[in-house]
Amino acid sequence: MDYRTENLILHYVTEDDLAEVARTWPADHHPLSDAEAQEAIAHMRGNYARNAKGCICHLCLAVCCADNPHTIMGWCGLDGSRNSAEPEIFILLDEPYRGKGYGTLCIKELLRIAAEDYALPGVHGGCAKENIASARAMEKGGMKQYGTEENGDPLFRFCANNESRQEENTCE
């Protein structure tokens, strides 16, 4: 199952995506061999099977433009390695797709997925303090800054299904 918005497709990768995964994974974009890409796909698919309502192990989705669904523009998802009930959001877009609003669209859809499809109480996020575009995307996407790391990097949170807690920036 893929998630579709007017402008984006957040795509569960399959073996049919081998060439695009080899081209775009991991974030540093050194090309993978077919065997390495197949291993990455198998790992993602294994994580998909482990995700359940109220619990995200790791949800990694390919970001594709709705008018070019076979080209991966980057990756996004929810990482529950620290807290499976309130995972961390991540977005890694290739350089040509940055600054065009795709990050904000990804955040909005990931927060919807977290709340509606996985019944998660909240989602966390953060970025480097110098990455003003990511901070703005998180805020425009529906997250609120609630603090900073010791080094000054901003921390964000989204609380699902409880507007008063979201306004207070606290989740239980």
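Me: Which residues of helix 3 are buried?
Reply: This is a predicted model, where local features need pLDDT of at least 70, side-chain atom pairs count only at pLDDT 80 or more, and totals for chains, interfaces and linings use all residues. Residues are numbered from 1 along each chain as its sequence is written, and side-chain values use heavy atoms, with hydrogens and water left out. Helices (H or I, at least four residues) and strands (E, at least two) are DSSP runs, numbered from the N terminus. Buried means under 20% relative accessible area, exposed over 50%, and partly exposed in between, with a 1.4 Å probe and protein chains only; in helix 3 the buried residues are Tyr102, Gly103, Thr104, Cys106, Ile107, Glu109, Leu110, Leu111, Ile113, Ala114 and Ala115.

Me: Why does Glu109 count as buried?
Reply: Glu109 lies in helix 3, residues 102-117. Glu109 counts as buried because its relative accessibility is 9%.

Me: Which side chain is joined to that of Glu109 by a polar contact?
Reply: A polar contact is a pair of N or O atoms within 3.5 Å; within protein, one must be able to donate a hydrogen and the other to accept it, and residues adjacent in sequence count only if both atoms are side-chain atoms. Here the contact is 2.9 Å, and the partner of Glu109 is Arg112.

Me: Which residues does Glu109 touch, not counting residues up to four places away in sequence?
Reply: Contact means heavy atoms within 4.5 Å. With that sequence limit, Glu109 touches Tyr3, Thr5 and Leu10.

Me: How many bridges join strand 3 to strand 4?
Reply: Two strands pair if DSSP finds at least two bridges between them. Strand 3 and strand 4 form a hairpin with two residues between them. They run antiparallel, and the bridges number eight.

Me: Is Glu130 buried or exposed?
Reply: Glu130 is in the loop between strand 6 and helix 4. Its relative accessibility is 60%, so Glu130 counts as exposed.
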